[in-house]
Amino acid sequence: MSAAGVDSAPFVRLTAVTKRFGRAPPALDGIEGIVRGGRITGLVGPDGAGKTTLIRLMTGLMLPDEGTVEVLGYDTRRQPAAIQAAVGYMPQRFGLYEDLSVQENLELYADLRGLAKGERDRTFAELLQFTDLARFTTRLAGKLSGGMKQKLGLACALLRKPQLLLLDEPGVGVDPISRRDLWRMVENLTEEGIGVIWSTAYLEEAEACDHVFLLNQGRLLFSGPPREMTARVEDRVFRLSGTDGRRRHRLARLLEREGVVDGVIQGEAIRLVMKPGVTPPLGEDESVASSRTAATPPRFEDAFIDMLGGGPGGRSKLAETQRSFAVGDGKPVIEARGLTKRFGDFTAAADITFDIPRGEIFGLLGPNGAGKSTTFKMLCGLLKPSAGEGRVAGFDLRRDAPEARNRLGYMAQKFSLYGDLSVIQNLNFFAGVYGLSGITKRERIELMKEIFDFRPILDLSAKDLPLGLKQRLALACAVLHEPEVLFLDEPTSGVDPITRREFWTHINGLVEKGVTVLVTTHFMDEAEYCDRISLIYRGRSIALGSPDEMKSRIVREDLPDPTMEDAFIALIGASEAEEAA
Amino acid sequence: MWWARLKALIVKELLAVLRDPRARLILVGPPIVQLLVFAYAATLEVKNVDLMVLNRDSGHWGRELVQQIGGSPTFRSISLANSPNDVRLAIDSQRVLAALEIGPSFSRDIEAGRPAEVQVILDGRRSNASQIVSGYLSRIIGALAAETPAGEHAAPMAVTVEARNWFNPNLIYQWFMVPNLVASIALLIGLIVTALSVARERELGTFDQLIVSPLRTHEILLGKLIPPMMIGLFHITIYILAAVFVFVVPLRGSLFLLYGSAIFYLAAVVGVGLFISALSMTQQQAILGAFLFMVPAMLLSGFATPIENMPAWLQPVTLVNPLRYFLVIVKGVFLKDLPVAEVARQTVPLCLIAVVTLSSAAWLFRRRLE
């Protein structure tokens with residue numbers, strides 16, 4: 001695959017590219033690199049790393065402050081028009097006209113791109129077949145699923161076959177199956193010699209690219225084939241299984257050990273990255289007889305963390321200061337009984353039932369628009385179920401006393417802060433709203449300042465904070481009042497992996513103290529932290545169980561160690577087959 | 001406990017408005033523009049009129065008339081026409097608002113004591129200004145007529161009208177306009193700040209955060225109502241200060257009564273704002289909704305045109321307009337020391353409107369939470 005274009009002239013040449021916005025640290029800082037044709041080049045990094053900026057610089061829509069960007073031999077400063085004629089660009093939200101049909105959108109973009117009338121029928125037929133949208137030509141673009149929208153966007157970007165295709169986070173908001181479809185389409189394009197740039201915040205996508213630029217906070221950390229990256233941590237990654245249900249506790253202690261670079265929970269097991277030459281701990285103070293350690297193939301993220309100097313420690317000061325909730329009576333803390341929500345004739349969630357006992361992390365996993373947010377909102381009282389019932393700590397949050405809501409903390413990563421308020425004003429507000437006053441209020445706020453290191457940024461507006469700090473502040477505001485139940489809506493999507501680990505260290509610690517957590521996510525990594533998951537697809541729960549159970553259901557000879565994503569895709573496939581039967 | 005929650009919410013609302021540069025602009029920009037535009041530019045007085053004269057009379061009285069008109073401050077320029085064609089052209093191209101034609105026998109007729117005639121041609125496209133200019137010209141001509149021999153002769157028998165304007169003896173335009181503005185700025189600010197507040201949170205997604213918090217629905221409502229009322233009172237105060245110290249409008253009545261009724265007025269306005277806010281999903285819709293209410297509310301309030309001049313079927317509509325009642329109070333308190341009973345009579349309907357708008361806003365608000 002990659003051999004085809006290696007010797008050809010570079011499609012994009014970046015020379016010391018720097019771009020600043022305002023007084024903030026540069027969005028891109030001295031980026032150097034070469035993109036070649038005939039292969040997929042991954043632009044990988046968390047939100048705010050500079051991916052979109054770099055792509056826009058390559059289109060010539062934006063000019064670098066320093067350095068040069070050369071695309072297909074043209075300088076973006078001098079010949080932007082020549083570049084734009086030869087490049088296909090699909091921005092994050094492709095400008096589809098939602099009130100036009102698929103066919104009308106294609107025609108509109110054909111007009112805009114000046115596609116000759118004679119070529120249209122053939123091109124449309126080809127693209128519709130390619131994107132598998134031929135059956136939907138009369139459907140309004142607004143009524144397409146996230147995956148189909150992206151495919152239509154791709155078709156529009158391909159109307160005049162470009163030499164270089166720039167895709168800005170094409171995988172966002174798309175279910176894993178459509179994501180794989182898109183990937184396959186793009187791979188076909190590279191065989192024709194087209195250069196493709198695919199930007200993504202999902203580190204697992206990086207592994208499939210031919211070449212990767214890894215960006216973090218505007219700096220290029222790595223450029224090369226992904227295998228070169230994972231080779232950094234070859235033989236240093238281990239899987240610790242047989243944790244006897246104490247994996248959170250063990251992980252916290254392991255992370256404090258000398259020689260442990262990184263550790264995350266993977267179902268019932270723990271994944272560890274060790275310093276070179278250090279053997280993974282076994283037994284010793286953890287006298288669990290059944291625990292086993294086995295080497296496991298490294299992943300891109302392991303190498304990324306290693307490159308960043310390792311993950312955060314395993315101690316959560318937040319959890320240490322938190323009061324405990326007795327595991328006691330064994331009654332479920334969160335109950336969903338046949339929760340159903342209909343919007344008109346569309347059923348967003350159908351008959352969803354589960355129980356969450358105290359001290360458990362329960363995940364609602366599914367692609368965007370599958371119904372997990374609807375279920376989540378019905379449980380925390382934001383939406384009224386059309387049928388069924390949800391209870392939290394024995395209360396129906398829509399009907400019972402608002403004091404019941406004092407027991408829950410809510411955090412939606414994207415939305416839960418007041419951007420115009422400063423850090424301290426946000427803390428004061430949430431403390432006030434949750435009824436904290438006097439000494440308690442002062443003490444809790446002081447504690448949050450210390451735990452999350454807010455002191456230097458107290459007077460900054462929340463909207464000006466980098467994503468990682470926003471996420472910390474959102475967590476601080478959600479746990480100020482020591483809730484016994486936490487509702488987390490996509491808590492770490494797009495956040496850099498270090499912040500994500502820090503976040504889960506706190507959550508794990510809180511769960512050990514008896515806090516119950518309901519989390520929605522479309523991130524497979526995040527699903528691994530859950531005790532149990534409900535897999536939501538097209539409004540229904542198609543599987544319920546622990547991550548390991550789900551993975552073990554699909555183990556085959558050719559797939560001995562499936563990832564959560566493999567399980568997800570297989571289970572959705574099975575559910576669709578069942579439906580068709 | 002509930003007070004701590006409410007206080008947190010009110011502080012947050014005020015901070016959200018004051019720290020958002022766009023919201024801050026709304027608090028500062030429109031009030032200044034409104035004050036300048038209405039107090040100076042949107043004047044109803046007719047000044048700076050251009051007049052054309054076609055004087056076919058060669059005698060003393062024709063010249064005298066032209067001179068007297070030229071001496072009046074209303075007229076900016078007087079041009080002389082040579083033919084009726086000139087007049088037609090000048091009015092047609094709007095170079096002049098009016099033309100005066102003095103007949104060839106004007107002076108002779110006056111000397112002989114016969115009725116003399118002049119013709120005034122007005123530009124009917126500017127009906128309001130024309131009427132007023134016509135009145136000015138008639139008065140000047142009337143005064144001239146009294147000076148003629150025949151006029152002097154008839155003077156003892158004539159009835160003269162002495163006009164005296166109470167409350168605003170010199171008919172200073174700003175005395176009328178600036179108190180009006182106190183009421184209209186409170187409408188503008190109260191409506192927009194409230195309309196934006198819920199819509200902004202809905203747009204950003206923070207509204208969900210409020211709903212899952214222990215705040216009760218009525219606490220959220222109060223938290224959304226009180227800050228815009230505080231901001232409205234602040235603007236009323238600034239405008240009252242400007243009226244008294246910049247425009248030197250007399251303040252004859254009780255400020256206590258004015259502020260007392262202002263609270264009910266603001267409650268009514270903020271209720272409308274909250275209703276609009278509960279209806280709209282985005283800030284854009286909220287702004288549009290606020291203007292959709294505000295423009296008719298201004299026109300149907302007696303702000304610029306008297307309610308009595310409106311057709312009978314339209315007049316009842318003004319009864320539900322809070323601005324209508326508060327205008328009476330503001331002007332009354334400023335210009336004539338409105339008595340308590342009259343203030344109360346105007347405040348009762350404000351109170352009723354507030355009850356209706358607030359409860360329907362609360363109803364809609366709760367319904368949208370379903």
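This is a predicted model: local features need pLDDT of at least 70, side-chain atom pairs count only at pLDDT 80 or more; totals for chains, interfaces and linings use all residues.
Helix α5 of chain A covers residues 146-157, and at 1.5 Å a residue its twelve residues should span 16 Å. Its end C-alpha atoms are 17 Å apart, which agrees with that expectation.

Next comes chain A as a whole. Its secondary structure comes to 19 helices and 23 strands. Its C-alpha atoms fill a box of roughly 75 × 60 × 55 Å, taken along the principal axes. A compact globule with 581 residues would have a radius of gyration near 25 Å, and because chain A has 25 Å, it agrees with that rule. Of the 581 residues of chain A, 51% count as buried. Among the contacts in chain A with a separation of 6 or more, 73% are between residues 24 or more positions apart.

Chain A also touches chain B. Here 27 residues of chain A are in contact with 23 residues of chain B. On the side of chain A that touches chain B, β19 (408-412) and α13 (423-433) each supply at least two residues. The largest share of that side, five residues, comes from α13(A). By type, the residues of this side of chain A divide into twelve nonpolar, ten polar and five charged.

The last topic is the nonpolar cores. The largest has 234 residues, and those with the most contacts inside it are A:Leu166, A:Leu480, A:Val517, B:Val182 and B:Ala186. Helix α8 of chain B (residues 173-204) gives the largest share of this core, 18 residues. One residue to look at in chain B is B:Val182. Leaving aside its neighbours within four places in sequence, B:Val182 is in contact with B:Ile236, B:Tyr239, B:Ile240, B:Ala243 and B:Val330. There is also a second, separate core of 23 residues, which includes B:Ala98, B:Leu100, B:Phe106 and B:Val133.

Key:
Residues are numbered from 1 along each chain as its sequence is written. Chains are lettered from A and ligands numbered from 1 in the order in which they are written. Helices (H or I, at least four residues) and strands (E, at least two) are DSSP runs, numbered from the N terminus. The expected span of a helix is 1.5 Å times one less than its number of residues. Two residues are in contact if their C-beta atoms, placed from the backbone, lie within 7 Å. Ala, Val, Leu, Ile, Met, Phe, Trp, Tyr, Cys and Pro count as nonpolar, Asp, Glu, Lys and Arg as charged, and the others, Gly among them, as polar. A nonpolar core is a set of buried Ala, Val, Leu, Ile, Met, Phe, Trp, Tyr and Cys residues joined through C-beta atoms within 7 Å. A residue is buried if 20 or more other C-beta atoms lie within 10 Å of its own, exposed if 12 or fewer, and partly exposed in between; C-beta atoms are placed from the backbone. The radius of gyration is taken over C-alpha atoms; the globule rule is 2.2 Å times the number of residues to the power 0.38.
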